[in-house]
Amino acid sequence: PLVFLVSRLVCDHVVLAPTRSARWRKPLLHVLLLGVACCTTKATMKDVIYEIMPYVDPVWYQELGTAYLHLSTCRAPRLTAPLACGDEGGATLWVAAAAPKGAAVMSAMITVELASACGRCLGAGHRDSSAWPPPREEVPRYDSEALLAIANMHAWPAYAATHQRTPRCVVVTRDPLDRLRSLFFYAREGREAWFRTEGVDKALQRLSPGGDADQAAAVGYFLDAFAWEYLVQSQEYLRVNLGAGCVVVRYEELQRDFDGEMQRWLGAWNVTEDAEVRAQLINKARKHAPARQTAANHHATSRLYASEYKAAVKKAILANETVAAEIGRQREELGYGGGHKGSRAS
């Protein structure tokens, strides 16, 4: 982050000073920053793209990520042979879907690892707004063999049909209350540019001082500003994927037994049952396992706070009868049922 911030000042005020076009200034800036970061650290381009996530406008961030994936998995020649994962040259489409704050980034990173190892061209979408809740994403502008249907890509089934591919889909689900509470802390920390430019992070920090104090005012603001709409929208997207016949992979099960749940994931994609190949794939994905994440992860913001504070936020959320009823309906629909048990990272 320090390299990025210093480089941004230099690039923006010196290198790009003559650039008059606002349309091209941002993408040129970000390309330069990626180059500087890769040259001044031992990080790979993939690492750098991940690390700059909180600092870059999501619209341009996603464009950069999509361009990188297209180039690295679809266009660039491979220096090593891919694993024999099955269906080589076939007409299937591996799809990974998840709702925002429902393990979406984890799902994306796992998919990048698996698709890259298997030599499959990986597609990602486009968005036209940085606001929360996230807008519907456009499908990729090229044919692909694996797809990040992450966040809100309702049209992915049509995309598969257009390219005459048979989709094999997994949808990662997470307890709705945990999704909502995770978003509260994510916004409070200002982990995306929109939260900072709209003053959401400062408002939540002012209204929610922490500890076991009453969080009703902070949660009320949070729900009114964007979180209620997010709660409904995110479930609508999960419903699209359930309706498309996706195999459900639960975030909670990935916490409890990552390797076992990844076997189900690979089975849903019809990956070869060869034990050695599967072991190599799971080993590549394991770095993104929920149990391995720390507070250094941009998206694991809940780990920054004490259990008393998290319990107070949960209590305030459930004190809203309308929200509590919606969470109950969503839990039943996703097969969670009963009372909320919560995930260890929530």
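This is a predicted model: local features need pLDDT of at least 70, side-chain atom pairs count only at pLDDT 80 or more; totals for chains, interfaces and linings use all residues.

Modeller: Residues are numbered from 1 along each chain as its sequence is written, and side-chain values use heavy atoms, with hydrogens and water left out.

Biologist: Why is the pair of Trp132 and Tyr186 edge-to-face?

Modeller: Rings of Phe, Tyr and Trp (its six-membered ring) pair if their centres lie within 6.5 Å; planes under 30 degrees apart count as stacked, over 60 as edge-to-face and the rest as tilted. A search of the whole structure finds 15 aromatic pairs. For Trp132 and Tyr186 the centres are 6.3 Å apart, and the pair is edge-to-face because the planes stand at 65°.

Biologist: Are Trp132 and Tyr186 buried or exposed?

Modeller: Buried means under 20% relative accessible area, exposed over 50%, and partly exposed in between (1.4 Å probe, protein chains only). By this criterion, both Trp132 and Tyr186 are buried.

Biologist: Which residue has its charged end over the ring of Tyr186?

Modeller: A charge sits over a ring if NZ of Lys or CZ of Arg is within 6 Å of the ring centre and within 35 degrees of the ring normal. Over Tyr186, at 4.1 Å from the ring centre, sits the charged end of Lys101.

Biologist: Over the face of which residue does Arg250 lie?

Modeller: The distance from Arg250 to the ring centre is 4.2 Å. The ring concerned belongs to Tyr336.
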